[in-house]
Each structure stands twice: as C-alpha cells, then as structure tokens.
Protein chains: 2
Amino acid sequence: MIASTTQTSTARDGWSRIAPLTLSEGATAQAQIYASLREALISGYFQPGEEISLRRAAAALGTSVTPVREALRQIESDGGLEVFGGNRVLRVPILSEAELIDIRDIRVNLEGFAALNAAGHITAARKRLITNACGLMHRAATTGDADLYLENNWRFHALIYRAAERPVLMGVIEGMWLRMGPIIRLAVTTPQHLTRSMASHDAALRAIVENNAAKLQHAIVRDITEAAHDLTDTLRHWEITRGSGMK
Amino acid sequence: MIASTTQTSTARDGWSRIAPLTLSEGATAQAQIYASLREALISGYFQPGEEISLRRAAAALGTSVTPVREALRQIESDGGLEVFGGNRVLRVPILSEAELIDIRDIRVNLEGFAALNAAGHITAARKRLITNACGLMHRAATTGDADLYLENNWRFHALIYRAAERPVLMGVIEGMWLRMGPIIRLAVTTPQHLTRSMASHDAALRAIVENNAAKLQHAIVRDITEAAHDLTDTLRHWEITRGSGMK
DNA sequence: TACTGTAAAGTGTGGTCACACTTATGCATA
DNA sequence: TATGCATAAGTGTGACCACACTTTACAGTA
C-alpha cells in the first residue's frame, strides 16, 4: 500500500517539498519558480483544491510576491491553477469528469501521434533510458513508492515522445500532464491501477525494442484509456470522502 | 489586393489597434490586457518578430507595467510571445518551418477530432451563425478586406469546434491559432490562398448542412493542410524580403 | 572617413507599499 | 446554546521605484 500521501492533507502542503530558491543560476527567479512549481504539479505534490497563497509561497521560496505572482499566472495560463472565489485565490483545479474525458481524448490523439512519429527515431541510448525508467516503475510498484513511480512514469512517456522531435507537440502534451498530475497522485494509491498500467508500459517497451510503430501507438493509447478510467473512479471516490470528511 | 498591411511595418505597431483600458468592468486590468492582446495576436495585428516593450505597452494601455507584465508572461506561456535576446525583450515569435508543420499536425489531429465530435451537435441557430461567417469571408475575399476575413475565419472555425463542448480541447486549439495569427496575416495577402481556402470552407459548410461528420472532418483537415502549405511559402518569402529589405 | 569609447536611453526584474475586498475570528447579545 | 455583528487577519491587485543590464547615440580620435 502506498503510504503517507493522505497525512491530514492540510498539515503539509505542496511547498514543503519545494526547496527555497538557490539564487543566481543565471536564470530569473520567476523562471525558477515557474519550473519548480510546474514540475511539482506534474509530480502531484499538490492536492486538487489546494489553495496557493502568494505571500506564503513567496515566504517558502525566500523571495517577494512579484516573481511568484508572475510564475503562478503563467501556470494558470497553462491550466495548472485556477482562480477560485471572490477572493481570487489561486488553487489547484478540481477536474470534472467531462474535463477528464476531454483530456483523455486529447492525449489519445496527441500522444498516440507522438508515439507513432517517435518509433522510428529512438536511439539505442534512449532505449536504455526508457528501459531503465520502466524498471524503476516496476520497483516502485512493488515497494509502493509513489514518488518514484510518478517520476518515472512521466520520464518514461516523455522520453518516448521527445524522440518525435516536435517541441510544440511536446509542450501541449506536457500541459495535459500538468493538469492531471494532482489527480494521478491520488489514483496511484489504488494498487490495481499500478498492475494494469504496468502491463501497458511493458507492451510499449516491447514495441520499442521491436521498432513497431503501430504497436507502440496502440500500447500508449491503451495506457491512456485505462488510466483515464481509473482516474474517473478516483475522482468520484475522492469527492465523496472529501465532501463527508472535511469541512 | 490586400492593402496597407506592409506600411513601413514599424511606423504603426500592433498597439495602435488596441484601445486603452476602459477601466472597471469588474475584470482585472491584467485579465483585460491578456484578452485584448491574445485576440490581437490571433487577428494578426502584430507582425512576426515585432518587439513588445512593457513600458510602451503600459503607456498605450494607460496602466502601469505590473499588469502588463503579468499578461505578457501569460501569453508567453501560451506560446504567443517569446523572450528574445540578452535584453530579455518580449517579441512575437518567428515560427520555423519545423514548428509550422508541428502545429499543422497538431491541428489536423485536434481540429479534425473536434469537427468529428461537433458535427452531431450543431444547432440550427449555430448553423446560421456559421453560414453568416462564411458569407462574410466570401465578401472579404472579393473586396480584399483582410481584417474582415481573418476575423470571420477564426469565428467560422471556432463556432464549429465549440459545438463539440470540450473546453480543454478548445483552449488547446486556440493556442495553436494564437501562434499562427501573425504569419496567417501575411499569408492572406496572397490571393490564391483565399480562393483555395474558401473552397474548403464551402465544403465544410455543405457537410454541416448535410450533418455529415466524416465529410466535415475531411474538409477541415484539407483546409488546415492547404493553409499550412501556403504558410510555409509565405514564411520563406517573408524571411528573404525581410533579410534584404530591413536591417 | 572609419573607429572607438563614453554617455544616454531603454529594457526587464524584483522588492515594497497602499488599497479594496473577502474570509475568519471572537465577543456580545438573545 | 445559538445567533449576529464588529473586528482582525488574510487575500490578490496595481502602482512605484531602485537595480543591473543591453542597446543605441554621439562625441572625440586616429
């Protein structure tokens, strides 16, 4: 069983996993915050509905509100955050079921297309990286390490798609993962999701070593479709437990 | 012939078409600037490579740099602007041919899918709006009104896709148009583009009145493919004239 | 004329503050 | 105990300013 993910849920917020800014790496503070928070959202460090305060975020990062505000606005534009009430507070979106199937179909089209184009251009070095990521996912699935699993799940897919060498397409796909990150984190806690998902991943890996483009696309599409099914289940369960358990 | 679009090119920048903020409509200044500039980019009011200065933009809009900076950062996150040199000045991206075909294939997948899903849900009222937009495009094509054409071209496609009732998909599609806006504006100046494009639009309109989903998808895909071809031609021609004509 | 170095203008960046507004808190009252 | 109101705390927003940096302009020199 995956542990420690539902630990009073408000006691430790997503910022606790994000290190303060190591200033002056040549990049602007705003860009560093943007990259950190974006990665954190994809990795599911923030829960759906979690509110992000500008001042608290600035304090956690050791900067002022100005660069934080810009970074958060950028992520809002990506769909990773949304303005909530009359207070205009930014929070992690709670996807509706309609949005979930919307994202699923976009992923099926785009990631399927990316996989189809990537198949022929996967170098030997990249194949090793993909195989390694898949192996780490297997280990994470058995030991129940959610962080390790999610990190390598994204890495596994990203390595494949990046081989298509289509930057714009890659950006759109990443945007979909940004939206799904928080809910995927919750879905990973259900063990049957892991076993089913790993079957698709293994099929994709076999297709890669065989250089079979159509087979790779099929495996990716199956992974997305099955994951979307688990995600809707997770969403339903999470909403009822949230509605009864908390305020 | 479409006129007045290449009028010394730096004398009138994109801001000349954007009205100063009519303050306090309930929305924040930043949101208004974001919406205005986004629409302006889709409409092609800014040329590829045009630089956007925070202070000049703030002066043109009658506000300070703070909300302008956030809005521009948001659009940068959408891909509608990019940071250029060591000066970090924001400018309208100059798409490469690789990015152009990247965007084309994303559009073929996504807008084709949207058209397929929209076909069954186009109400009679919406059909009238679509027919009207198509008629205005025809008029614009004959009179040579680039503004009118571009406005109704986007309206025509958006009305169709919106019928699919998929907000996330619609947002991604809009992001692709945001990137293409500036270069489309240049492509419209070539008359053969208009006649060819209108043939696809008419085919789409016929498919809509016949409620033929597959035919609608085919017409949309053809429109996108042909337009992409004209866009690469325009890009090549624009780059050589730009390289020789200007500094 | 061509070139170089200095000054000026312009650029984004991030810190701070006052403001309007919403939400939470707590005390007084019924 | 429950309710209502006033106060306090917290929120995003937009303006301003100092800073570092780049680009442009211009003067002086070879």
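In which hand does α3(A) cross α3(B)? In this predicted model, in which local features need pLDDT of at least 70, side-chain atom pairs count only at pLDDT 80 or more, and totals for chains, interfaces and linings use all residues, the crossing of α3(A) past α3(B) is right-handed. A crossing counts as right-handed if the near helix is turned clockwise from the far one by less than a right angle, and as left-handed if anticlockwise. Residues are numbered from 1 along each chain as its sequence is written, while chains are lettered from A and ligands numbered from 1 in the order in which they are written.

Two packed helices are described by the angle between their axes and the distance between the axes. For α3(A) and α3(B), the angle is about 40 degrees and the axes lie 8 Å apart. Axes are lines fitted to C-alpha atoms, for helices over the stretch in contact, and angles run from 0 to 180 degrees between N-to-C directions. The two helices are therefore oblique to each other (under 35 degrees is roughly parallel, over 145 roughly antiparallel, 65 to 115 roughly perpendicular, and the rest oblique). Arg69(A), Glu70(A), Arg73(A), Gln74(A), Ser77(A) and Asp78(A) of α3(A) meet Arg69(B), Glu70(B), Arg73(B), Gln74(B), Ser77(B) and Asp78(B) of α3(B), contact being C-beta atoms, placed from the backbone, within 7 Å. This contact contains no nonpolar, four polar and eight charged residues. Ala, Val, Leu, Ile, Met, Phe, Trp, Tyr, Cys and Pro count as nonpolar, Asp, Glu, Lys and Arg as charged, and the others, Gly among them, as polar.

DNA strand C is surrounded by 20 residues, of which Ala29(A), Ser64(A), Thr66(A), Ser53(B) and Leu54(B) are the closest; a residue is near a strand if its C-beta atom, placed from the backbone, lies within 6 Å of it. Two or more residues each come from α1 (29–42) and α3 (65–78) of chain A and α2 (54–61) of chain B, helices being DSSP runs (H or I, at least four residues; strands are E, at least two) numbered from the N terminus. Around DNA strand D there are 19 residues, with Ser53(A), Leu54(A), Thr28(B), Ala29(B) and Ser64(B) nearest. Here α2(A) gives the largest share, three residues.

Technical notes
Contact = placed C-beta atoms within 7 Å.
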